[in-house]
Every structure is written in structure tokens, then in C-alpha cells.
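Please keep the sequence and the model in view while reading.

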Amino acid sequence: MSNDRSRHPFLQRLADAPLLADGGMGTMLYSRGVSFERAFDALNLSERGIVLGIHQDYLRAGAQLIETNTFGGNRVRLAHHGLEGRVRDINYEGARIAREAREIIGADVFVAGAIGPLGKNLTPLGTITPRQAQEAFAEQAAALLEGGVDLFIIETISDPAEMSAAVDAIRALTDLPIVAEMTFTDEGATFTGRSPEEIGAFLNELPVDVIGANCSVGPQGMLEVIARLAPVVRKPLAAMPNAGMPRLVDGRFVYPSHPAYFAGIAGAFLAQGVRLIGGCCGTTPDHIAAMRDVLAGWRPAAAGPKSVTFVSTPPAERSAAGATARSKSRFASDLGRRFQVSVELDPPKGTNPAKIIDGARLCRAAGADAVNIGDSPMA
């Protein structure tokens, strides 16, 4: 494992400009008819198309980071649904679905492995020991790593001891970046009574790369928490608030914060030094799209898409050159004279060819003589 995490592309992007994360996954699943009684994480196995579609919606809205649908994918939470034996499958597939969405859209974004709380208190408030917690988090993190996540987000944690267990579990496996997000009540403290200042000082000492808050309170309440974290924290800040506190209306939960309100307060978060901003419960692709327009003014001007020029040879020249022109290619000239290497590349799952073109460039740099594209590699 490398000791210099600052070289990781995610942290380099954060250093260049604020990064936009996605919004609520549970909110979107609920809006698609999935009841709260079901294990949302298990949908990675049973209804992956729904999860895939939500990831794509957030990417189309402008998210530059998407979280896997694995918030409750630990053995303790999954045991409530009799799924404690499926931890590896649920988390592995969660990572693969998010990566597939990224490939289909063809966006240069990050996939973060989402790790939420165990759902039961650690000792002395509960019965789970720190070692048991670390083992549960390690099991989940290992599966997310196998699935190919780019970084980890530990979120909605209220107990510092639980955060420590999760960080220790991940750090024993990998040196990928970690975003550590605690959750705060309306009173501006954690469930265990710790202030933002105390939490900031505590997280500074952990081997994490981004520190922040998520869930619980709406944008205004979280802005106040971030304002208290900012003077203490020595690392990039993250903020992912709920869309306000939910209300039950006609049998459905409704969140009051409109996308336009999120857009209006996004600038206030950026002014406090927040580098990673997104949404939590109640937020949708519309909220993310609204914040995208605000963040656009904070990012350096991006270079336009690379253009590819096709040069057409006049018919007369084609007939004059004929086979002679073809025989001048290195590949044609060397056929039968030396061993040739051709590398097969799978076609993109979407319509964006950028990834396969980059792959061809890498093959050329590695010494390949040609590349070939399979027309149906999964047949």
C-alpha cells in the first residue's frame, strides 16, 4: 500500500475544485415503489436494474461521485432480513452496478463504497464489541474492494468508537481514500453528545482523507455544523445534508427542501470551504442538478471534448494508390515476417467511445501491433 494518498486521482480532483456527489439512494428506491420494510441493499441481487437506473439518473444530473447501494450492507443489519450470509455478494454487486452505470454513461466519475453504521450500539451502550464491529466492517469493505470501488465513504456515524472501528477495518485492507462523515442532531451534537469541535479534533487524528457531516438535519442545520467544523479540521470538508426533516403526507414521506433551495445554499457551503458536496435522505437527481449549476462557477474552465478528424482520400488518389498504400502500413508489412500482437477490446456498454479509445492508446503504448473489437463478447 502506498503511503502517499494525496496522489490518488480523487484527492487531486478535490484539490483542484469542489466535487459534486450524488443524492439519496433510499429516497429514490422508495419513489420507485420499494417499501422501507425491504432490505434496500439486497436489491443489488434481486432488482439490479432499478439500482442501475438510479445511478444513471444521478450521473446524468451531473454527479461526479456516486455511492454504492450498500449503506446497510453489513452482517449486523442484514441479519434482520436473514441475509447475513450474503454480505460479500450484496457488496460486490453493489460496486459492480455502480461501475456499470459509470461505463454506460461514459462519465469520468468516482465510485465510492458506502459503509453505514451497524445499526446496533457498541459497548458500553450496546453489546457489540469494537473487535466485532471491526470484523463486520472488514467483511463489507473487502467485498467492495473486490467489486472495484475507487474510495470509501463511512457515513451517518454518531459514535466515534464505531467510526474508529470502520476506519481501522478499511486501513487494514487498503490505502484508498476514506471520507469520514458523522451525523449530528438538531442540537448540533452527535447522539453521544459530542460537539462538532470535538468530532473535528477526533477525526483529524484518524487516517482519513476527507472529514464532514451527512444526514440528520437539513441544509441550514448542517451549514451551522460545518461552520463549527471548519476552523478545527485540517483536511478537506464534506457536506451531504438531508432535504429537511421528513413529513408523512397521505401515507408517503415528503421532504420540504426544494432543489432551488439546495442550489441557493450550495454557495454557502462552498464559502465555508466544503470540497465534497452532495445530498442525503430526501434528495433526488433534481437537487443534484440544481447544485451542479452552482458548482460550475467554482470549477476551472474545462477543456472541450477532444475531436477526431477523419481525412477522406479523393477517389482518383484511392484508385492510384490501391494496394500499394495498404501495403505501407507497418502491420501489413510485418505480417508473415514477425510475430504480431493484437489485443481484443470489448465495445462500450453505452454510446460513449472514450474509454475504449483510451484503452487502445494504452495498448499501443505497451507495444501492441493492433487492436480488434469483438462484436458480441458476451454471446
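Contact here means heavy atoms within 4.5 Å. Helices (H or I, at least four residues) and strands (E, at least two) are DSSP runs, numbered from the N terminus. This is a predicted model, in which local features need pLDDT of at least 70 and side-chain atom pairs count only at pLDDT 80 or more, while totals for chains, interfaces and linings use all residues. Residues are numbered from 1 along each chain as its sequence is written, and side-chain values use heavy atoms, with hydrogens and water left out.

**Helix α10 and its cover**

Helix α10 spans residues 219-229, and its buried residues are P219, M222, L223, V225, I226 and L229. Buried means under 20% relative accessible area, exposed over 50%, and partly exposed in between (1.4 Å probe, protein chains only). These buried residues of α10 line one face of the helix, because they fall within an arc of 160 degrees when seen down its axis; the arc is that of the directions from the helix axis to the C-beta atoms. Among the elements that cover them are the helices α9 (196-204) and α11 (259-271), together with β6 (210-214), β7 (237-240) and β10 (274-277).

**Two helix pairs**

Two packed helices are described by the angle between their axes and the distance between the axes. Axes are lines fitted to C-alpha atoms, for helices over the stretch in contact, and angles run from 0 to 180 degrees between N-to-C directions.

| Helix pair | Axes come within | Crossing angle |
|---|---|---|
| α11 and α12 (285-296) | 8 Å | roughly 40 degrees |
| α9 and α10 | 8 Å | roughly 55 degrees |

The angle makes α11 oblique to α12, and the angle of the other pair makes α9 oblique to α10. Angles under 35 degrees count as roughly parallel, over 145 as roughly antiparallel, 65 to 115 as roughly perpendicular and the rest as oblique.

In the pair of α11 and α12, P259, F262, A263, A266, G267 and L270 of α11 meet D286, H287, A290, M291, V294 and L295 of α12. By class, this contact has nine nonpolar, two polar and one charged residues. Ala, Val, Leu, Ile, Met, Phe, Trp, Tyr, Cys and Pro count as nonpolar, Asp, Glu, Lys and Arg as charged, and the others, Gly among them, as polar.

In the pair of α9 and α10, P196, E197 and G200 of α9 meet V225, R228 and L229 of α10. The residues of this contact divide into three nonpolar, one polar and two charged.

**A backbone feature**

T123 and P124 are joined by a cis peptide bond, with omega about 5 degrees. P124 is placed in the loop between β3 (110-115) and α7 (130-147).
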